[in-house]
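Trainee: May we go through how helices pack in the structure shown here?

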Amino acid sequence: MADDDKVERVVPPYQTPKGVHDILPEDQDFYTYIKKVVRHRARQAGFRRISTPIFEYTEVFRRSIGDTSDIVTKEMYTFQDLKGRSLTLKPESTAGVVRSYIQNNMNQLPQPVLLYYIEPHFRYDRPQKGRYRQFWQFGFEIIGETDPALDAQLIQMAFKIYQDLGIDALFSLQLNTIGTAEARKKYMQILQDYYAGKERSLCEDCKYRLEKNPMRLLDCKVEDCKILASLAPKMTDYLDKESLEHYAELKGYLDEIGIEYTENPKLVRGLDYYTKTVFEFWDKTEGAQNAIGGGGRYDGLVELMGGQPTAAVGFAAGIERIIANMKREKIRVPKKDELHVFVAQLGNEAKKKCLGLIEELRENGIKTMGALGKGAINIQLKLADKFKAPYAVLIGITEVREGTALIRDMKRGVQESVKMTKVTDRLVELIGEENLDKYDPGELLYS
Ligand code: AMP
């Protein structure tokens, strides 16, 4: 057990478990905005949203991600339910989406089936900057087509989303092909032969990987392993013709649509199900450490999971890392929950009038908060300032008597008296029709 994983005594006041955190209101705006961009780009391209359960039978992940992968060997939150079934919190979504594709006979739909998700995932990772035990990913899956034009389109989609979010220039697209499963088997044997006799120079993880999954030795981050990997036989020299052609075509399409890439023969990705295309978006300064997303082709997975042979390609990106990079770039997102109006009152009669007014303002799309507790009017105004409301409505004894209200411009410190029946209209004028938070439940229901 690692030092930082020592079991802590859990006593009040409670903290979140290690590696997970609250998404506080300040950050919700980022999540909302990113989801909006993803949904928009997905809809434009005909993708439909899917949510698979937070937990699946453990076997779903074991079989798809692979018994020797880091995720399955050390990063899954696996538990037994009360009937002793082994369940696992999803560490990624492709496995669940493929399970769902098969379970729901999506092969009967027009192919390819285009799906996207925005979901939380769980990995028992070592917590550090940009690495958490619960994190959000959005991702896209195109199931039912082999053509490399789709790989190119998927990469373009990822790129467009990064562009929309203002962070595309920070990342470089790393591209590789890892061939078909058969070609890879042959190459793995060649790698094992190359490493034979060099085991003593490998880290403990790589010693284990050498037997189970030698491709993973190529992207080990330990210095000695990196040196050996740089001298190892190159995968591209042992690939099958079909994969090489697929790769050449993909590069042709990327050139055509003007997407820059770096060919990286050491990129393998950590999951067993990939075939042919693999790609990752690496931070230009920090490299793989702070990758923002990645994906690849998984032509064998549907069959491996019990379906018909079906080609597919997918991509996933980490939302927390995107937010960290947006903040690094000082990118601001619209703050939808900022108040428009703060209603302050003095006296019981005024309070009664306020209740109706607050309701009316809200119904008209004006984001309104009222100080309905007791307190001097100047204290209430200070609150209006603290809540950063640009306008305050003040109703005191005189206003009740005269059937009016004061509208105060909080920034300019000026106020005007308005007839109670005209308060909403005047505020709409001041705030601007386009800034109102209006919705029509009927429209929502039928759209
Ligand atoms: P992967 O499929 O493992 O490459 O994950 C895709 C993306 O999800 C990565 O590029 C990261 O942006 C993000 N990601 C993966 N694991 C974590 C984690 N433990 N914490 C935060 N983000 C993660």
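Predicted model: local features only at pLDDT ≥ 70, side-chain atom pairs only at ≥ 80, totals over all residues.

Mentor: Residues are numbered from 1 along each chain as its sequence is written, and side-chain values use heavy atoms, with hydrogens and water left out.

Trainee: At roughly what angle do the axes of H5 and H9 cross?

Mentor: H5 covers residues 148-164 and H9 residues 241-256, helices being DSSP runs (H or I, at least four residues) numbered from the N terminus. Their axes (lines fitted to C-alpha atoms over the stretch in contact, with angles from 0 to 180 degrees between N-to-C directions) come within 8 Å and cross at roughly 45 degrees.

Trainee: Which residues of H9 does H5 meet?

Mentor: Contact means heavy atoms within 4.5 Å. On the H5 side are Pro 148, Ala 149, Asp 151, Ala 152 and Ile 155. Their partners in H9 are His 246, Glu 249, Leu 250, Tyr 253 and Leu 254.

Trainee: Are H1 and H11 roughly parallel or roughly perpendicular to each other?

Mentor: The axes of H1 (residues 25-44) and H11 (residues 319-328) come within 11 Å and cross at roughly 110 degrees. Angles of 65 to 115 degrees count as roughly perpendicular. H1 and H11 are therefore roughly perpendicular.

Trainee: Which residues of H1 meet H11?

Mentor: H11 contributes Ile 319, Glu 320, Ile 322, Ile 323, Met 326 and Lys 327. The residues of H1 that meet them are Asp 27, Phe 30, Tyr 31 and Ile 34.

Methods:
Helix = DSSP H or I, 4+ residues; strand = E, 2+ residues; numbered from the N terminus. Parallel < 35°, antiparallel > 145°, perpendicular 65-115°, else oblique.
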